[in-house]
Amino acid sequence: MTTKARIAALQWFHDRGEVGWFKLSENPPSREMMGKMIRDGQLQQRSQGDFKVMLSSLTDKGRQDLHEATR
């Protein structure tokens, strides 16, 4: 079962694509939620190299889980 908070977090990343920086006013998922999504294989982080921002985006599993939760 996917919680409302998890669905909202999946949708947040789905709507934005690959994200490096975001404003708190955009109401992003918490670091805790992002950690859970990474552990569950729904979110991935990609390094752009030393001293550059990490990019986060949904994995195929994350997109599939969102699709299944919103049908």
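This is a predicted model: local features need pLDDT of at least 70, side-chain atom pairs count only at pLDDT 80 or more; totals for chains, interfaces and linings use all residues.
Local features require pLDDT of at least 70 and side-chain atom pairs pLDDT 80 or more, while totals for chains, interfaces and linings use all residues. Residues are numbered from 1 along each chain as its sequence is written, and side-chain values use heavy atoms, with hydrogens and water left out.

**Stop 1: α1 and α2.** Select residues 4-16 (α1) and 31-39 (α2); helices here are DSSP runs of H or I, at least four residues, numbered from the N terminus. Their axes come within 11 Å and cross at roughly 85°, the axes being lines fitted to C-alpha atoms over the stretch in contact, with angles from 0 to 180 degrees between N-to-C directions. The pair is therefore roughly perpendicular (65 to 115 degrees).

Next, display Ala5, Arg6, Ala9, Leu10 and Phe13 of α1, which meet Met33, Met34, Lys36 and Met37 of α2 (contact: heavy atoms within 4.5 Å). Seven of these residues are nonpolar, none polar and two charged; Ala, Leu, Met and Phe are among the nonpolar types, Lys and Arg among the charged.

**Stop 2: Arg6.** Centre on Arg6, in α1. At 12% relative accessibility, Arg6 counts as buried (under 20% relative accessible area, 1.4 Å probe, protein chains only).

**Stop 3: α3.** Select residues 60-69, where Gly62, Asp65 and Leu66 are buried. They lie on the same side of α3, because their arc around the axis is only 100°. The cover over these buried residues includes α1 and β2 (55-58).

Definitions and conventions: Helices (H or I, at least four residues) and strands (E, at least two) are DSSP runs, numbered from the N terminus. Angles under 35 degrees count as roughly parallel, over 145 as roughly antiparallel, 65 to 115 as roughly perpendicular and the rest as oblique. Buried means under 20% relative accessible area, exposed over 50%, partly exposed in between (1.4 Å probe, protein chains only). The arc is that of the directions from the helix axis to the C-beta atoms.
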